[in-house]
Amino acid sequence: MPGMGPTDTALDADWLGACRGAVAGLRDVLAAHPRTRQRAVETGDRGEGGDRTLVIDEGAEHAVFAQLDALHAAGHRFTAVSEERGEVVYGDGTDDVRVVIDPIDGSLNAKRLLPHYALSIAVADGPTMADVAFAFVYDFGAGEEWTAVRGKGAWLDGEQLDRSLPERRARDGRLELLGIEQADPRHIAAAGELHEVSRRLRVIGAIAVTLCQVAAARLDGMVSLLNCRAVDAAAAQLIVREAGGHVAFPKCDEPLAAPLDVAARSPVVAARSAETLAALARVPIV
Ligand SMILES: [Mg+2]
């Protein structure tokens, strides 16, 4: 993203720099809580999204908001939407720019030192998923940085993702590998229909990270079995689309009409082809 100039809006701020600064801050938080016993400590509060807040979630959010404070101090105005704090207005609330943050996507993995958990930050110039202009996901497990800029492409560790990568299908025509998220055991029965779509399933445990795997065609598609929140998916859905994939929030009026707030509105589905996206959107989900 270009640096600040006299005519820049909040959309033109150095979001990549701010996101990388937040990653550095988050690394310190994680290093200060190296074992699962330390990472499992709860603050006693629940986030705006309803989950019990871990001390590491709160520390991670502090690391992100330190970056937002600095951008605001430099003159940028925007509204932050974060998993724990909810909406925080930086400015007078009339600016259209929204910054949608999940300080740790996959907190359960982070707590238990399972590999995949991520910082997810999306910057939008409007109220829905379709309006996301900049996306950043950093997977602390794999040490991978995923970014996207609307209309320009998506990158993994600085290398542009190939938009033409196809899905892979088994000999019987089903997808080779499908990611599922929010794999609540009560809803695995509904996922039974997925056997018609895919030969094998993977459950990574972090929506943003799973979406990014579709962006790189490591997974042939993904579906969340429950409604997801915008904070989980806002950044990674742009990364998928800028990497040639397709995304929908099937319970919304339009595929990308999910609002950028803290409520859980719709499952998210993603695929490398429009045909597979339509098949996944038909899977009965809660
Ligand atoms: Mg989280």
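This is a predicted model: local features need pLDDT of at least 70, side-chain atom pairs count only at pLDDT 80 or more; totals for chains, interfaces and linings use all residues.
The chain's mean pLDDT is 92, with 94% of the residues at 70 or more.

**A pair of helices**

Let's begin with α1, which covers residues 15-32, and α3, which covers residues 55-73. Their axes lie 9 Å apart, and the two helices pack at an angle of about 150°. That angle is over 145°, so α1 and α3 count as roughly antiparallel to each other. The crossing of α1 past α3 is right-handed.

Which residues make the contact? On the α1 side they are A18, G21, A22, G25, L26, V29 and L30, and on the α3 side I56, G59, A60, A63, V64, A66, Q67 and L71. Sorted by type, the residues of this α1 and α3 contact come out as 11 nonpolar, four polar and no charged.

**The eight-stranded sheet**

Next comes an open sheet of eight strands with mixed pairing, and its order reads β4-β3-β5-β6-β7-β8-β9-β10. At its edges stand β4 (86-90) and β10 (159-160); each has a single partner strand, so one side of each has no neighbour in the sheet. Strands of a sheet pair through backbone hydrogen bonds, either parallel or antiparallel, and the table gives some pairs from this sheet and from the other one.

| Strand pair | Sense | Bridges |
|---|---|---|
| β3 (residues 78-82) and β5 (residues 98-105) | parallel | four |
| β8 and β9 | antiparallel | four |
| β9 and β10 | antiparallel | two |
| β11 (residues 175-181) and β13 (residues 221-224) | parallel | four |

Looking into the parallel pair of β3 and β5, you'll find A80 opposite V99 in β5. Helix α3 turns up again here: it packs on the sheet and touches β3, β4 and β5, with its direction at about 150° to that of β5.

Now follow the chain through two hairpins. The hairpin of β8 and β9 has three residues between its strands, and G151 in that turn has a positive phi of about 80°. Across this pair, A148 has A154 in β9 as its bridge partner. The hairpin of β9 and β10 has two residues between its strands, and here D157 in the turn has a positive phi of about 50°. L156 is bridged to E159 in β10.

**The five-stranded sheet**

The other sheet is open too, with five strands in the order β12-β11-β13-β17-β15 and mixed pairing. Its edge strands, β12 (198-202) and β15 (246-248), each pair on one side only. From one strand to the next, the twist averages 20°.

What is the bridge partner of L178 in β13? That's G221, in the parallel pairing of β11 with β13.

Last, which strands does helix α7 lie across? Helix α7 (residues 274-281) lies across β11, β13, β15 and β17 (269-271), running at about 155° to β17.

Methods
Residues are numbered from 1 along each chain as its sequence is written. pLDDT is the predictor's confidence in each residue, from 0 to 100. Axes are lines fitted to C-alpha atoms, for helices over the stretch in contact, and angles run from 0 to 180 degrees between N-to-C directions. Angles under 35 degrees count as roughly parallel, over 145 as roughly antiparallel, 65 to 115 as roughly perpendicular and the rest as oblique. A crossing is left-handed if the near helix is turned anticlockwise from the far one by less than a right angle, and right-handed if clockwise. Two residues are in contact if their C-beta atoms, placed from the backbone, lie within 7 Å. Ala, Val, Leu, Ile, Met, Phe, Trp, Tyr, Cys and Pro count as nonpolar, Asp, Glu, Lys and Arg as charged, and the others, Gly among them, as polar. Two strands pair if DSSP finds at least two bridges between them.
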